[in-house]
Amino acid sequence: MSSQKPRVRRVPVVLPEGATAEQPWYRSMRFSGFSLLMLAIIVLFVVVLAPSLRTLIQQQEQITQQERAVAAQKADVAQKKKDVARWDDPAYIEAQARDRLLYVYPGEESYLVMGAENAKASRTPTTASGTPVSSTVQTPKVDWVQSMLASVLQSGLTTETKQELVAPEVPGAATGAGTGK
């Protein structure tokens with residue numbers, strides 16, 4: 001008896017009429033046990049490592065934010081140190097005493113003008129066109145609801161182009177005041 005394996009004879013398969021012998025690319029792939037094991041290890045590696053990576057990225061963002069906050073606080077401390085250092089200068093202390101506390105040297109005369117704020121406020125403010133602003137409440141002679149509705153309807157129902165449209169004439173409205181023309 002022979003110890004060799006019997007030969008297997010391969011018989012070609014006949015395709016039905018009209019069928020092609022081409023197969024999709026994924027049909028030609030063969031998976032061995034090793035390739036499936038490696039694929040499983042890679043998937044497990046991604047599943048285990050993904051949350052750690054997300055945590056790492058979040059921590060890096062927090063570190064960056066904290067570094068910005070520390071830099072801002074260091075700048076604030078430096079500004080406050082400058083302010084404190086200014087109080088060591090006798091000229092600065094003298095200027096602050098004269099300005100804030102109204103101190104004067106002996107023999108100097110100090111004048112305080114009362115009502116200086118009211119003098120500035122008594123000047124009548126004007127609009128951009130130069131007309132004075134009234135200090136009393138006035139009732140307009142224009143029905144703004146009707147004007148707005150007319151404007152919306154005209155712009156929605158017109159066949160004119162944007163360049164041909166002109167602001168509607170509103171009866172009782174002041175012309176050119178406050179429109180920036």
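**View 1. An aromatic pair at the start of the tour.** Rings of Phe, Tyr and Trp (its six-membered ring) count as a pair if their centres lie within 6.5 Å; planes under 30 degrees apart are called stacked, over 60 edge-to-face, and the rest tilted. The structure has one aromatic pair. Its partners are tryptophan 87 and tyrosine 92: the ring centres sit 5.1 Å apart and the planes meet at 80 degrees, so this pair is edge-to-face. Tyrosine 92 is buried at 19% relative accessibility, while tryptophan 87, at 38%, is partly exposed. (Buried means under 20% relative accessible area, exposed means over 50%, and partly exposed is in between, with a 1.4 Å probe and protein chains only.)

A quick note on what you're looking at: this is a predicted model, where local features need pLDDT of at least 70, side-chain atom pairs count only at pLDDT 80 or more, and totals for chains, interfaces and linings use all residues. Residues are numbered from 1 along each chain as its sequence is written, and side-chain values use heavy atoms, leaving out hydrogens and water.

**View 2. The whole chain.** Helices (H or I, at least four residues) and strands (E, at least two) are DSSP runs, numbered from the N terminus. Of the 181 residues, 2% are buried. The protein exposes about 18000 Å², and carbon and sulfur atoms supply 60% of that; accessible areas come from the Shrake-Rupley method with a 1.4 Å probe, and for residues only the protein chains shown count as cover.

**View 3. The buried face of α2.** Which residues of α2 are buried? They are Tyr92, Gln96 and Ala97. Looking down the axis of α2, these buried residues fall within an arc of 135 degrees, so they line one face of the helix. The arc is taken from the directions that run from the helix axis to the C-beta atoms. The buried residues of α2 pack against α1.

View 4. Side chains of opposite charge can pair when their charged atoms come close. A salt bridge here is a side-chain nitrogen of Lys or Arg within 4 Å of a carboxyl oxygen of Asp or Glu, and the count comes to four. One of them joins aspartate 76 to lysine 80, with the closest N and O atoms 3.8 Å apart. Both residues lie in helix α1, four residues apart, about one turn of the helix. Another joins arginine 86 and aspartate 83 (2.9 Å, N to O), which are three residues apart in α1.

View 5. Arginine 98 and glutamate 108 meet in a salt bridge (3.1 Å, N to O). This pair links distant parts of the chain, since arginine 98 is in helix α2 and glutamate 108 is in the loop between α2 and α3, ten residues apart. Glu94, Arg98 and Glu108 are linked in a network of salt bridges.

View 6. Most residues other than glycine have a negative phi. Leucine 102 isn't a glycine, yet it has a positive phi of about 60 degrees. You'll find leucine 102 in the loop between α2 (90–100) and α3 (116–122). Leucine 112 is in that loop too, and it is exposed, with a relative accessible area of 57%.

Notes: Contact means heavy atoms within 4.5 Å.
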